[in-house]
Every structure is written in structure tokens, then in C-alpha cells.
Amino acid sequence: MTTDLAKFASDKGVKYFMISFTDLFGGQRAKLVPAQAIADMQEDGAGFAGFATWLDMTPAHPDMLAVPDPSSVIQLPWKPEVAWVAANCVMEGEDVAQAPRNVLRRLIDEATGEGLHVKTGVEAEFFLLTPEGDQISDPFDTAEKPCYDQQAVMRRYDVVREICDYMLDLGWGPYQNDHEDANGQFEMNWDFDDALKTADKHSFFKFMVKSVAEKHGFRATFMPKPIEGLTGNGCHAHISVWDAPGDQAKTNVFAGDGEGQTGEVGLSERGKHFLGGIMKHASALAAITNPTVNSYKRINAPRTMSGATWAPNTVTWTGNNRTHMVRVPGPGRFELRLADGAANPYLLQAVIIAAGLSGVRSKADPGKRYDIDMYAEGHKVRGAPKLPLNMLDALRAYDRDKELKAAMGDEFSTAFLNLKMQEWNSYVSHFTQWEKDNTLDI
């Protein structure tokens, strides 16, 4: 049954709705709509000029309407008179094909048509910084190995507890919070869910964390590598495929045991081929999972202060071993450790499904399993591709991967590449202090 947003407002005491969509760069855009007007907006959508956001449009394009998906509505726990609702972008009666949530919805439909219902969980890492964003917020958080630091997490208890309480109230099933591997860095985990629900929660989580941090006088960032020398913000995704969506799911299609490298770690044949698709398209995948210039300061980082980056730089997979791009920690699922905090919540899920479906359809083989410490013995690996060194290499890899581009949608791929190449050109035309320091006297 579709939620009536006007009735929702009346029942919950909501005065305003944030009708929100996410653009190609992961920016969250919204209009604040009074509850008295939400009935019309639920039917027709809120109007936006697409060109004014990071979508590949011109000022001449018609109005883009963001039509709220009432199943996604969330009353803001920290401001209950406001509700947030994710929206689908429509123009002249048709879905905007480049809009990230629409890309994901289409791929979910494709997977459903093949009897595959993708469920995922994400591990969204973030830093708590000073309001200026130039240093971590806790001057006493200085340990060489700060991961799981008991004192440090308790010094930020008020922020962590408030966010976790909200997730408990929302029924997300949060189950652990910790101080992560970098000074000033935290991670909060909640239950896995259907891919679209996970994407909506991920999007809302980033909004919630930033809002609560601001309330406490801090600045939260999901930037991949905000502080040189420290571990960056990853966004590891745990992936499984089921026989039905939601609570109807009974059988994990990925679960299996048997012979062969994947069978030994508990992946079925379908799971093997889905993983094969991820491995096959990994270099192109990086353009979506690691979408900024800064992303490659995390992937290709030197050893951090804690002793490890916890980020992959080579296309390899393994069993329960965190030094590879993909690990299979137990039967029926695998963890993609490639993505970082800048990943668009909707495009991250979409590209996982696109690559996985490609693998299932072509019966792709993931290749050799490496059960070694990649940080210590990675130089021994022969034949495994290195991940892109920078955003330009990733964009070129994506542009060359015709199969993945088509799976993500031609209109989306064209728009994404256009805007991201503009971003790269802006970056390389920027003069830096490094250039003066190293070439002024040549």
C-alpha cells in the first residue's frame, strides 16, 4: 500500500517535507515543501532546473520534476517537524535516464527479471573535523594505532550515541559503532537490506551524520582522504543475492559449498559468476566507486601512520583477508572493499548490480584466489591488473568498457563522462604550490 504523505504529515506532526534527489556527483538536492502542499507534490513532483545541479543539462531543458517515493519517507529524528523523502527525477513524463536513483531502479528491475534480488550493506566511514575542516576535532586523539580506541570513541560519545539512537528509532538495526583506523575517524554499521533501501539509507545517513555533527560544533566528512598520512574513508559494500525481495527472501542464491576456489569459501556458481563480473569490470568500476581526484590518494596511498591503508590497489580476491579488493568472509556473501566515502549511494549499488549481472550472463570466472597478505607480498602477484592511478585513468577505463557503459545506460554514461571530464580538466588547470616548489628554478 502506498503511503499517503499528507496523512503521514497529519499523523506524525510533520510541517515540512524535504523532497530530495541525488545528482551525478553525489550532491543531495532538495526543496522544502509545506505539508499543506504535499498532496500535489506527491502526484506531480517538485520542480527543479536540472542544469543548476550536477546533471548534464542546459538552461534550455524543461523543468525536471522530483516525484517523491513515499516508501522512502523518514521523519527527521533531530527535527521531527520535517520529513525527508527520496524522489525520482522525471522530465516531460519520462524518467530522467541519467538520474542516479533511476539508474539503480532500472538495474534492480533487470536483476529481478532474472530472479536475482540483490541485498547489500555498506560500511560508511567518516571523520569528525573542526568546523573549518583543517584538522580532526579531538586534539587528544593522537594514538599511533587508534582503531577501536576506547577513550577516543567515548570522547565523541554524544555524537555517536545520538546518531545510533536515531538509527535504532528508525528500525535500521544498527549493531556496532567504533573509532576507526585513522585519528578522528569513525564507522557505524546497520543491517543489510534490498539495494534500493540501502541506497536510500546510505544517502540519508550521510545527511544525518553531517547534521548531527554540525549540531555538536563539528564538521563530518566522507571525503576519501581528508588528512595526509592517515587511513582514508572507505565505503565497503557487502553483497548477497536472494530468491525474493524484503522479508519474502528465503534462500541466499550466493550460498553454496563444494569444489573449486569459490566453493571452498562458500560461494555458489551464481555467486562465483557475479563475483567474476565484479573482477572483470573492476578497473572501469573505479570511475563510479572512487569518483573524485582525491579518491586515488586513498587507493594509491603509501603506508599510513597505523601501518596499513586498508585500501586495495590491485584487482584480486581472497577468502577472509582484508588486504584484497574483494574478500569472501563467509558463505553466501562477499565484500567489495574498493569504494570510498565519495561514492554516490545510488550509483554504487547500480554499478555493483550492472557488473554482477554481466558476470552471471557471461558465466564470468573471477580468476585465481590469492590467500596472501597483499601489503607484504603483493609484488609476487603476476597478471592481476592494477587499479587506476588517478581519476583520468578510471574515466578512460570506464569509457573503454562498452559492456559496463551499456549496462549502466548510454544516456547516464555519456552524462557522467561529460561532467567528470570537465571536473578533471578543471583540476589539471589548477596551479598548485607543489609546482612552484619543484619547478620554479628549473
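Start with a criterion: a charge sits over a ring if NZ of Lys or CZ of Arg is within 6 Å of the ring centre and within 35 degrees of the ring normal. Bear in mind that the model is predicted.

Select K206 and F222. The charged end of K206 lies over the F222 ring, 5.3 Å from the ring centre.

For another such contact, select K420 and F25. Here K420 is over the face of F25, 4.3 Å from the centre of the ring.

Now turn to ring pairs. Two numbers describe a pair of aromatic rings: the distance of the centres and the angle of the planes. The whole structure holds 22 aromatic pairs. Select F8 and F17, one of these pairs. The two rings are tilted, with 6.5 Å centre to centre and 50 degrees between the planes. Are these residues buried or exposed? F8 has 14% relative accessibility, so F8 counts as buried. F17 has 0%, so F17 is buried as well.

Where does each partner sit in the chain? F126 belongs to strand β8 (residues 117-129). F222 is in the loop between β12 (219-221) and β13 (235-242).

Together they form one aromatic cluster.

Methods:
Residues numbered from 1 in each chain as written. Predicted model: local features only at pLDDT ≥ 70, side-chain atom pairs only at ≥ 80, totals over all residues. Heavy atoms only, no water. Phe/Tyr/Trp six-rings, centres within 6.5 Å; stacked < 30°, edge-to-face > 60°. Buried < 20%, exposed > 50% of the residue type's maximum accessible area, 1.4 Å probe, protein only. Helix = DSSP H or I, 4+ residues; strand = E, 2+ residues; numbered from the N terminus.
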